[in-house]
Each structure stands twice: as structure tokens, then as C-alpha cells.
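Student: Could you take me through this model step by step, so that I can learn how its parts are described?

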Amino acid sequence: MNRLLEPLADLGHVVLSALARLGLVGRFFIGILTVLWFPVRRFSLLVREVYFSGFRSLLIVTVSGLFVGMVLAVQGYEVLQRFGSAESLGVLVALSLVRELGPVVTALLFAGRAGSATTAEIGLMQATDQIAAMDMMAINPMARIIAPRFLAAVISVPILACLFISAGIFGSYLVGVQLIGIDEGAFWSQMQASVDFRLDVINGLIKAVVFGVAIGLISVFEGYYAPPTAEGVSSATTRTVVVSSLTVLMLDFGLTVWMFRGLS
Amino acid sequence: MKRSKYDLAVGLFVAFGLMSLVFLALKVGNLAGYDSGEGYRIEARFDNIGGLKVRAAVKSAGVVVGRVEAIVLDPETYEAKTILRLDPRYRFSKDTIASILTSGLLGEQYVNLEVGGDSVYLGNGDRVVKTQPAMILEKLIGQFLFNKAAENTGSK
């Protein structure tokens, strides 16, 4: 081939393989959706996965939420008191947590804490031929292994996001009201006046569900298609965290533009 | 039914999640005072609405009695036409004055209803005739400067 056309062919190869991988993800996703009823019927499978990815993430998520809320209170107070509106601290903290930080930071933590573990688990199952063995015994690995883990992520992320937001608001209450001494009544009442349940809380939860779908899909996909070597599993785990985080941030931008387009 | 050791933990997890959702709904959000779209609608036209937004409060004597439901510009008169949805518990007389005020120095703008003495009440679809537009700071300053200048030239 002409040496000059070589870089162009490289580019073409990159684009084509990226498209092929995207198609693979799409087919995999549809494959999961068709067997999604299985973990609902075999409920104990789902409970076990929610325990490992959701319940075991409780500590990291609530403690992070608490500290994020406390930091937001300190920084927010510093700026707000310049304008003499320190009482609006509750609004600032609640809106930023409910709309953005809650779902996004929870999703990032979840990808690091649970998504990576799921990928490593499935990747190792694949490497040690456990999944192939299951297939041999006429047990559908998509239904038995993949679907429960995917569904567990979709269920866990919104619940964890709720807890993160609540912990964050509690943290900002501790710092803002108890430590700095903002009026308690103003703190809560201004928050209640500005946070709309449908517009802010429900939209935040929709975001969390979407992030749960993205992280669940990416982590099971990377594990399922991980090269069956030690190196392959390790790079698949890394890729889960990187790709999930980037996907979450990009989805967040898209969702935010879409959800709050009619405002202001 | 056989219980696995995970059941209790997951049950706790989900219960915590629901509790925090209730906390978000009632303590952080405004679901408790959430209006379900009931009430009657009245129309008010203003020369200028300033920074009034849809969903802003409608107050009478400082009490929230409704919400601003829609704001459009009338293409014929070039007035801002607002639809106010009011709580059916409250009734206002025909000669009520609607004005746009600001809560606090930098607060949000809201519609204030000042009740008149008419014995006929506003009903669904009625129009508030007496309105007072929002204060625009630039106009006020301009007016103030103009008056000052006029005073000075008059005293010389």
C-alpha cells in the first residue's frame, strides 16, 4: 500500500473497530434485556448482587456524601456571606447535591467500588472457563450471571444517590447551622422553597438510574469480553472505571441540558 | 421461604434508601406543600413583568395563595399576559390590585394581590383589571436623576 495512505488507513481502522465494539455493546445490551426477567423470578440471585454492589458500597457513599456536604457548606458560606446571604446556604448545597453532585459522584464512586469488582469477577469466571462450563450444562450465563449484576447496578445507584444526597445535606446542616451558626429555620425553609420535588429530586433520580444502566452495562460487558489472561482481566477492570466515569460525565451533561432546558 | 444471609442486609439497604427519599421529599423538597394543579385561574396583564418567572409565588398579605402558571406576550397590546392559578380556598374581589414585588433586596419576584372592596369575586378565567408593573431599577435611577436635574435647573 502507498506509504502516504497508511495513516489514513490507520484512522479508518480505529473508527471501524470502535464502531464494531459499539455494535457489540448494543447487541450485548439487547441480550441482557431479553433475559432481564430471570433475576426478577429468581429473586435470591438479585438480592445477593444488590448486597455485594449496593449494601457494601453504603459506607463509602454515605461518608463521601457527608464530607462533600460539609465542604460545600464551608466553601458556600465563604462566598455567600460576602453578599450577606449566608441563609441561602441550604439552597446552594441542596440544589447542587440533588441536581448534580449526588447522582454524579455516587456513580463515580459506584464505578470504582462495585463496577470494577463486577468486571474482575466476570472476567475471572471467563478466564477460568466457568461461563463456558455453565453454557455446557445448558444454564444460560447471560441470565444466571450477567443479568442479576446488571440489574443490581440499576437498582443500587439511585438508592445510593438518595443516601449520598441526604448525608450531604446533613453534613452541610452540621457545619452550616451547628458550627457556623446560620439560622436553622432559614436554612430549611429556604431550601424547601427552592427545591422542587418533581423538577429537582425526581430528575436527579432519573439521572442516577441512567448512570446505573451505563455502569452496569459497561462493567458486565468489559468482564464478559475480557481477554482470558491475568493482564486481560486487569486491563478490563481499569477500562471499566475509565469508560464508566467518562460515560457518566458525558451522559450527565446531556441529561442536564435536556432536563433543565426550559428553565430560566 | 428460605432466608439467605443477604436478605436482611439488602432489606436494610432498601429501607435506608426509601427513608432518605422521604427525607428528600418532605424535608428538602416541597412535596408536603405541593399543589396538584387544582384551583381557579385568573388573568393579569402587566406593562412589564421584570424578572417574574413561571412558578413564582402569588401572595396576598405575604401568604402564598397560588402560582404563576404561564407568561406570554400579548401580540396586539404588547403587554405581558400572566395566568395565575389560585387556591380555591381564597377568593378575591373584582377590584383586586395585582402588582409585582420583590421579596427582600435581592430576592425572587412574586405577584402580590391587594384586595379591594368590591362584593363581586373573581372567578375562573376572569381578568384583574388594576395592575402595577414591576419596578425596573434602571428606570427608577433614570427617573431619579431626571428629577434631580429638573430640581437643580429650577432652583437656579
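**Where the chains touch**

Tutor: 25 residues of chain A are in contact with 21 residues of chain B, two residues being in contact if their C-beta atoms, placed from the backbone, lie within 7 Å. This is a predicted model, in which local features need pLDDT of at least 70 and side-chain atom pairs count only at pLDDT 80 or more, while totals for chains, interfaces and linings use all residues. Residues are numbered from 1 along each chain as its sequence is written, and chains are lettered from A and ligands numbered from 1 in the order in which they are written.

Student: How many charged residues does the contact of α7(A) with α1(B) have?

Tutor: α7(A) packs against helix α1 (residues 5–28) of chain B at an angle of about 50 degrees, with the axes 8 Å apart; axes are lines fitted to C-alpha atoms, for helices over the stretch in contact, and angles run from 0 to 180 degrees between N-to-C directions. That angle makes α7(A) oblique to α1(B), as angles under 35 degrees count as roughly parallel, over 145 as roughly antiparallel, 65 to 115 as roughly perpendicular and the rest as oblique. Residues making the contact include Ile159(A) and Leu163(A) of α7(A) and Phe13(B) and Leu24(B) of α1(B). By class, this contact of α7(A) with α1(B) has 12 nonpolar and three polar residues, and its number of charged residues is none.

Student: Are α9(A) and α10(A) roughly parallel or roughly antiparallel to each other?

Tutor: The axes of α9(A) and helix α10 (residues 230–259) of chain A come within 9 Å and cross at roughly 155 degrees. Among the residues making this contact are Phe211(A) of α9(A) and Val243(A) of α10(A), and the residues of the contact divide into 11 nonpolar, six polar and four charged. From the crossing angle it follows that α9(A) and α10(A) are therefore roughly antiparallel.

Student: Which strands stand at the edges of the sheet in chain B?

Tutor: Eight strands of chain B form an open sheet with mixed pairing, in the order β7-β1-β4-β3-β2-β6-β5-β8, where two strands pair if DSSP finds at least two bridges between them. Two bridges join β1(B) to β7(B), which run parallel, and three bridges join β5(B) to β8(B), also running parallel. Each edge strand has a single partner strand, so one side of each is left without a neighbour in the sheet, and these strands are β7 (127–128) and β8 of chain B.

Student: Which residue of β6(B) is the bridge partner of Ile100(B)?

Tutor: Strand β5 (residues 97–102) of chain B is joined by six bridges to strand β6 (residues 109–114) of chain B, and the two run antiparallel. Within β6(B), the bridge partner of Ile100(B) is Val111(B).

Methods: Helices (H or I, at least four residues) and strands (E, at least two) are DSSP runs, numbered from the N terminus. Ala, Val, Leu, Ile, Met, Phe, Trp, Tyr, Cys and Pro count as nonpolar, Asp, Glu, Lys and Arg as charged, and the others, Gly among them, as polar.
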